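User: Hey, I'm new to reading protein models. Can you walk me through this one?

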Amino acid sequence: MKDTIFGKIIRREIPAEIVYEDDETLAFLDIMPNSPGHTLVVPKEPSENMLDISEGSLLSVMKTVKKIAPAIKTAMEADGFNILVNNGTEAGQQVFHTHVHIIPRYKSAAFQKFPPGKPNVKVTPEELAEVAEKIRTTLA
Ligand code: 5GP
């Protein structure tokens, strides 16, 4: 598979607001979140999506999702969250390195329930940093 922006984030070649890391996975904030706290969990082992990911890599990713989603919900004072994987261009996949979206949902805000296409909230690096710090603190 081709190198992607997420490969560069894993190798620390470009910056990201990383909220969690272990030997097999990395979790960082989506640069263009659909809601505050929108986080992406990626395997370090390369794969494009659910079609070619190894069972071991998938298990590691979902363990990380299970571990950090409650902390994201708590840190962001969210009321619920979506777990979402886009597989293929027609399904809205833009970055061809497997990633699981964790998208907090809020009673009070008019966020789209389930975006068919692109996440849609512009935020500043400072806002992202503040959110990441809340999640890291809750996870610690
Ligand atoms: P997909 O549409 O492939 O399921 O989701 C890709 C996600 O990656 C999008 O929500 C997009 O905002 C996010 N994204 C794209 N480029 C970057 C980047 O350079 N850094 C971060 N943190 N997220 C990115």
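User: Where does R12 sit?

Analyst: R12 lies in the loop between α1 and β1 (18–21). R12 also has a positive phi of about 65°, although it is not a glycine.

User: Before we go on, what kind of model is this?

Analyst: This is a predicted model, where local features need pLDDT of at least 70, side-chain atom pairs count only at pLDDT 80 or more, and totals for chains, interfaces and linings use all residues. Residues are numbered from 1 along each chain as its sequence is written, and side-chain values use heavy atoms, with hydrogens and water left out.

User: OK, how many helices and strands are there?

Analyst: The protein has three helices and five strands. Here helices (H or I, at least four residues) and strands (E, at least two) are DSSP runs, numbered from the N terminus. Going along the sequence, the pattern is α-β-β-β-α-β-β-α.

User: And how compact is the protein?

Analyst: The radius of gyration is 14 Å, close to the 14 Å that the globule rule gives for 140 residues, so the protein is as compact as a globular protein of that length. That radius is taken over C-alpha atoms, and the globule rule is 2.2 Å times the number of residues to the power 0.38. Along its principal axes, the C-alpha trace spans about 40 × 35 × 25 Å.

User: What share of the residues is buried?

Analyst: Buried residues make up 45% of the 140 residues.

User: Switching topic: how many aromatic pairs are there?

Analyst: The count comes to one aromatic pair. F6 and F28 form an edge-to-face pair, 5.3 Å centre to centre with 70° between the planes. The rule is that rings of Phe, Tyr and Trp (its six-membered ring) pair if their centres lie within 6.5 Å; planes under 30 degrees apart count as stacked, over 60 as edge-to-face and the rest as tilted.

User: Which parts of the chain does that pair link?

Analyst: Distant ones: F6 is in helix α1 (residues 5–10) and F28 is in strand β2 (residues 25–29), 22 residues apart.

User: Are those two buried or exposed?

Analyst: F6 is buried, with a relative accessible area of 7%. F28 counts as buried too, at 2% relative accessibility.

User: Which other residue has a positive phi although it is not a glycine?

Analyst: E77 does, with a phi of about 50°. E77 is in the loop between α2 (55–76) and β4 (80–84), and at 66% relative accessibility E77 counts as exposed.

User: Now the glycines. Where's G37?

Analyst: G37 is in the loop between β2 and β3 (39–43). G37 is buried, with a relative accessible area of 4%.

User: What does G37 touch?

Analyst: Leaving out residues up to four places away in sequence, G37 touches L29, I72, M76, I102, P104, V131 and I135. Contact means heavy atoms within 4.5 Å.

User: And G56, where is that one?

Analyst: G56 is in helix α2, and G56 is partly exposed, with a relative accessible area of 45%. The C-alpha atoms of G56 and V41 are separated by 15 Å, and these residues are 15 apart along the chain.

Technical notes:
Buried means under 20% relative accessible area, exposed over 50%, partly exposed in between (1.4 Å probe, protein chains only).
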